[in-house]
Structure formats: structure tokens, C-alpha cells
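Biologist: Could you put the model up? I have a few things to ask about it.

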Amino acid sequence: MSEILVKERDIVIPGEALAEGLDYLPGDNTYRENNQIYSKVLGLVNISGRVLKITPLAGPYVLKVGDKIIAKVIDITMSGWRVDTNTAYSAMLNVKDASMRFIKKEEDLSKILAIGDHVVVKIINVTSQNLIDVTMKEPGLHKISGGRIVKINSQKVPRVIGKQGSMISLIKTKTACEITVGQNGLVWITGTPEGEFLAEKAIKLVEEKSHLEGLTDKIEKFLGGN
Amino acid sequence: MVYRKRFDGRTDEELRPMEVKANVIPNAAGSASFKIGKTWAIAAVYGPRELYPRFLQDPKKGLLRCHYNMLPFSGSGERMRPGTSRRGQEIAMVMTKSLEPVVDLSAFPNAVVDVFVELPQTDAGTRCAAISAASIALAEAGIPMKDMVSAVAVGKVDNRIVADLDYMEEHVDEFNPESKGQPVSDIPIAVIHNTKELTLLQMDGEISKDDLLSALRLGQKAIEQIYQLQKKALKERFVKE
């Protein structure tokens, strides 16, 4: 006898039973014990067929290969730069992954990226001990200059971007700002000072109300005046 | 003296009035406020973040680190020496041990999750309030957890087995010289909700085996109320408008 004990999009806390019996399978952020499936985080229930998953409502960013993130240079080493990823782990940006052009051996690396600079980079490797390599050698990856950086909860990034980028393009057009969202929860906004201010407020609003439906309409109303 | 009625008129298994809230400290990854009677604990969780000093780092899993502190004006109002004390360190240790079985930090090697608990006002049962608050704060911070931990104190006052002792009850043998010979026992317990396993079991005073077992049974029953409030506090923030 298998039975589901929750509904789609229900909010569950750690240890809450989701389903009974072996007909259902534990997906992300769940575990099975004594014939029952339990949640492992605070989040929303997601039922896809027989698999039960939990979409976390909060929590640390888990580093994933292929993610575009915004990082800050914290150290310069022999072979490249060490960057802070806004997690418990720093990443390594190797000289060979830093630029399209050839960087000579005797070149001063701080002329290319100085300590304190922000960069848009992509994760190319994560080890089991969370040692991370990043690259800046692809289109769209670059050093950041000007604008402002806003920190949000990394679990809210998908809502800030929206379905097929609907939310972020709405904010971009309404505020005439250029916005880059890093998967690690750092957002870079650049535009006119007023636009930047408005875009920051809109993003913070999305973060706060992210669990509600029909959010794009709410944000459109919020930005409506312009 | 025979303890016929509890000082504040509660029944034996009745807890003091509680007020539980999540997300009280915006800067923290997760936070909670847990009030039970006059005892008030505020917990804040930060991390996972880099762990220093390095020799504490564990390459197999992250470290859970608790801090427990009573504010100088808590308690009776007499100023206490602020900062860590021997007692505070011990309570921080038992808090860590009672939360560790449910918290899963295997995804965060070499990192640390810090749990800070401050107590602005205390009236006995502080370590229980601290654990209950910390459990909410950890869940709110999105740390992977097997289950929630709830804590309450049980004990024997004079001839009665009661739940959630306050300061007066804990010290009844001092306030009332006639009750000498019947020492008060105060047993803080913490319980994992689904499995009903105990993760904290300490005791002051003395108690017989039978009384201890019935006290623990009473505690398991009383703790369900705390769990329900923890659950409510966590979900409250996400109700649809």
C-alpha cells in the first residue's frame, strides 16, 4: 500500500513524511527510512511521476560545473588568481583560463585582474573536496567595471531570472539596466543611478516574495510608473 | 511540604506559554526566537563558511559549532559577568551533540556552520529553549537535516512529576526549608521527532528509576507541542497572501 501524504507545492520542514510505501522514489533533498520518504530541507514539494523532490526555499549555493557565477579576486598566485565565490570555498582562476590572448610568463598579473576586482566566470571543475576551477575564456565572461553588486539568496536565482528569462528581461527593459545574475546569488546591475536603484529594489522584492505565484505581474506593477 | 498545586497553576504536563518565531535576524542565513514563559532564546545561524583555525577543519564533513550565551542582565537582573563561562561552554557542547545526529554536513567538507544562541531573559530551561530555537534556525538556513530536534525539561518536584520546570520549581528545596529530604530533580531532554530518540539527557538532583521512566514518558508527550510550534513558525513565513 503506497500513499502520498503531501500535495504539489506544499511547504514541508525537515523530517516531515512525504509518502508511505515503496511505490514512490526519494528524489533530491529527500531520504527513505522504514518504508517512508521524508524531507531533508525546508522547501516546496515537487511530484514528478513517482519521484518526490523538494525545491529548497533557502540554503547555501552548491557549486555545479557549468554554472556562471560572479566572483571577487582575493589573491594573486604564481599561476593565476584566487577568487571568492560567496560560498565556503574559494576558486582558482588559472592564467591559461583567464584571457583569449597569450599572457607572458613575466607579466604582472595584477595589471590584468587586481585584488578586489569582480569577475563573471564559469565553473569548469569541482572536486569532491570542493576545490574549484573557473574560466573566463568564453563569450559573456569578463571583468566587471562600474555598476553595483547585489547579494541575494542563491536559491532565489531561478525566480529572479524567471521562465525563459521573463523576469530579468522585464526588469532590464523597465529600468534600462544591464543585469547579470550569477548562480551563486551575486547580481551585477549597471545603468543610470536611478535605474540601478530601481532594479535593485525590484530584485530584492522578487527575493522576498519568491514563493508566491503570479510574481511577474506584481513586479510589472511595481515598476509600472516608468 | 506537599506540592499540591504548581506555583503558576499549571497541570503536570502543561508547558509555560510559548511564542515561537522564525526569521528574526535578517542578516543571518537562518534565525529563530523561542520564548517559553519568561525564558527567551534567540538563535542565529551563519554559514556554511570557511573554517579557521585550520586544524579544526575536517576534510570528510562540515563542522557544527554552537555558541551559548546568557546576557549580563538575564536571570534575576543581577549583573552577571558577560562572555563565555565554563557553564556556557558545556551547554554549547551538549547543544552541538544534541543537534549533530540530525544535521547532515557531508556536502560541506572543511567548512563550518555556526549557531549562536543569546538569552536576553532566563527563568530555567535555557538549554532546552536554546536547542529548540537552534533547530528552527538551522532548518530556516536551509541546512540539510534528517529531522527536527525539540527539547524540554522534566523533573520531580517534591512528590510530583512535572514538565517544563521554572526557576522557582527548580529551587523549591532552597526556598522552602521544610521540603528538605525531597530533592528536586531537573532533567532536560532533547528528542528527534520521528524516531523519538533522545539526543540530550542530563540531570540535576536525584530520582528513582521508575520516576525517571515516567518523567521521560511525560517529556515525550509534552515535546509534541514544541514540535508543532516549531513547524508552524517555519511555515508561517510562506503562507499565501
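Biologist: Which strand does B:Pro48 lie in?

Modeller: B:Pro48 belongs to strand E3 of chain B, residues 39-50. Strands here are DSSP runs of E with at least two residues, helices are runs of H or I with at least four residues, and both are numbered from the N terminus. This is a predicted model, where local features need pLDDT of at least 70, side-chain atom pairs count only at pLDDT 80 or more, and totals for chains, interfaces and linings use all residues. Residues are numbered from 1 along each chain as its sequence is written, with chains lettered from A and ligands numbered from 1 in the order in which they are written.

Biologist: And the peptide bond from B:Gly47 to B:Pro48, cis or trans?

Modeller: That bond is cis, with omega near 5°. A cis peptide bond also joins B:Tyr52 and B:Pro53, with omega about 0°. B:Pro53 sits in the loop between E3 and strand E4 (63-70) of chain B.

Biologist: What are the scores for the model?

Modeller: ipTM is 0.90 and pTM is 0.93. For chain B the average pLDDT, the predictor's confidence in each residue from 0 to 100, is 92, and 95% of the residues score at least 70.

Biologist: What is phi near at B:Ala124?

Modeller: Near 70°, a positive value in a residue other than glycine. B:Ala124 is in the loop between strand E5 (111-121) and helix H2 (126-140) of chain B. B:Asp164 also has positive phi, near 55°, and is found in the loop between strand E7 (160-163) and helix H3 (167-170) of chain B.

Biologist: Why does B:Asp164 count as buried?

Modeller: Because B:Asp164 has 26 C-beta neighbours inside 10 Å. The cut-off for buried is 20 or more other C-beta atoms within 10 Å of the residue's own, 12 or fewer is exposed, and in between is partly exposed, with C-beta atoms placed from the backbone. B:Ala124 counts as buried because 25 C-beta neighbours fall inside 10 Å.

Biologist: Which residues touch the most other members of the largest nonpolar core?

Modeller: B:Ala43, B:Val117, B:Ala133, B:Ala134, B:Ala137 and B:Leu138, in a core of 129 residues. A nonpolar core is a set of buried Ala, Val, Leu, Ile, Met, Phe, Trp, Tyr and Cys residues joined through C-beta atoms within 7 Å. H2(B) gives the largest share of this core, 10 residues.

Biologist: What does B:Leu138 touch?

Modeller: Leaving out residues up to four places away in sequence, B:Leu138 touches several residues, including B:Val45, B:Leu99, B:Val115 and B:Met145. Contact is taken as C-beta atoms, placed from the backbone, lying within 7 Å.

Biologist: Moving to chain A. How many helices and strands?

Modeller: Chain A has five helices and 17 strands. Of its 226 residues, 37% count as buried.

Biologist: What order do the strands take in the open sheet of four?

Modeller: The order is E2-E7-E8-E4 (chain A), with mixed pairing. Strands pair if DSSP finds at least two bridges between them. At the edges are strand E2 (11-12) and strand E4 (25-26) of chain A, each pairing on one side only. E2(A) and strand E7 (residues 43-48) of chain A run antiparallel, joined by two bridges, and A:Ile11 has A:Leu44 as its bridge partner in E7(A).

Biologist: Last one: how many residues of chain A are in contact with chain B?

Modeller: 20 residues of chain A, against 27 residues of chain B.

Notes: Contact = placed C-beta atoms within 7 Å.
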